[in-house]
Amino acid sequence: MVHYYPAPDNRWALIAVDLDDLEIGEAFTVMVVTP
Amino acid sequence: MNTGSGRAGFFQITAPTNTSNALYSETDGAGAAVYAKKIISTGGAALRVEAAANTATALDIVKGGIRVEGAGVNTSTAVFTHLTTAASVLSSGVSIIDNPMCNGKANAMLLVTPDVSGPPTGRTPSWSTTTRRRTTGGR
């Protein structure tokens with residue numbers, strides 16, 4: 001899943017479905033589309 | 001070249017039965033057949049296409065794929081690789097995507113898919129098969 005954290009962060013974040021299931025070194029392909 | 005206002009060029013076919021392309025260019029060289037570039041203004045797109053209707057095709061690739069030049073780990077490109085690091089993972093299950101292509105863009109849409117083929121060249125996968133299968137992004 002993705003989630004946007006508004007100001008002051010102003011960042012998108014990747015959130016694993018299982019919160020214990022995201023490790024350092026994992027790779028994800030991200031494509032950004034704006035309306 | 002137009003140093004004032006208005007278009008620099010205009011091509012039009014007014015006959016609906018004419019199936020020819022209004023503009024056609026080709027080259028035998030290594031350069032692109034068509035290259036659209038904006039020089040100064042960062043507003044608007046370098047290339048815009050508009051179909052006759054919402055459901056009509058706006059872009060048709062007759063042959064070949066799509067390339068995003070320079071795309072890689074956290075590059076400022078339309079497509080990039082997000083690699084979870086000690087700095088990006090702030091809490092359990094949350095990894096911040098710090099990239100200028102989406103920073104500050106709350107209305108952006110992110111298409112995310114796990115790269116299960118492994119991280120980019122030179123890195124060793126740190127996950128187990130079980131962990132990799134259960135991790136999901138982009139929904």
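Predicted model: local features only at pLDDT ≥ 70, side-chain atom pairs only at ≥ 80, totals over all residues.
The C-alpha trace of chain A extends over about 30 × 20 × 15 Å along its principal axes, and 29% of the 35 residues of the chain are classed as buried.

Strand β3 of chain A, residues 27-33, takes part in an open sheet with strands of chain B. The sheet has 3 strands in the order β1(B)-β3(A)-β4(B), and the pairing is antiparallel. Both edge strands belong to chain B, namely β1 (79-83) and β4 (109-114), and each of them pairs on one side only. Direction ignored, neighbouring strands of the sheet are turned against each other by 30 degrees on average. The antiparallel pairing of β3 of chain A with β1(B) runs over 5 bridges. Within this pair, Thr81(B) of β1(B) lies opposite Thr29(A).

The largest nonpolar core contains 13 residues, and the members touching the most others are Val30(A), Ile97(B), Cys102(B) and Leu110(B). At least two core residues come from each of four strands: β2 (11-15) and β3 of chain A, and β3 (94-97) and β4 of chain B. For Cys102(B), contacts beyond the neighbours within four places in sequence involve both chains: Trp12(A) and Val32(A) on one side, and Ile97(B), Ala108(B) and Leu110(B) on the other. Ile97(B) and Leu110(B), in contact with Cys102(B), are also among the core members that touch the most others.

Key
Residues numbered from 1 in each chain as written. Chains lettered and ligands numbered in written order. Pairing = 2+ DSSP bridges. Axes fitted to C-alpha atoms, helices over the stretch in contact; angles between N-to-C directions. Core = buried A, V, L, I, M, F, W, Y, C linked by C-beta atoms within 7 Å. Buried ≥ 20, exposed ≤ 12 C-beta atoms within 10 Å, placed from the backbone. Contact = placed C-beta atoms within 7 Å.
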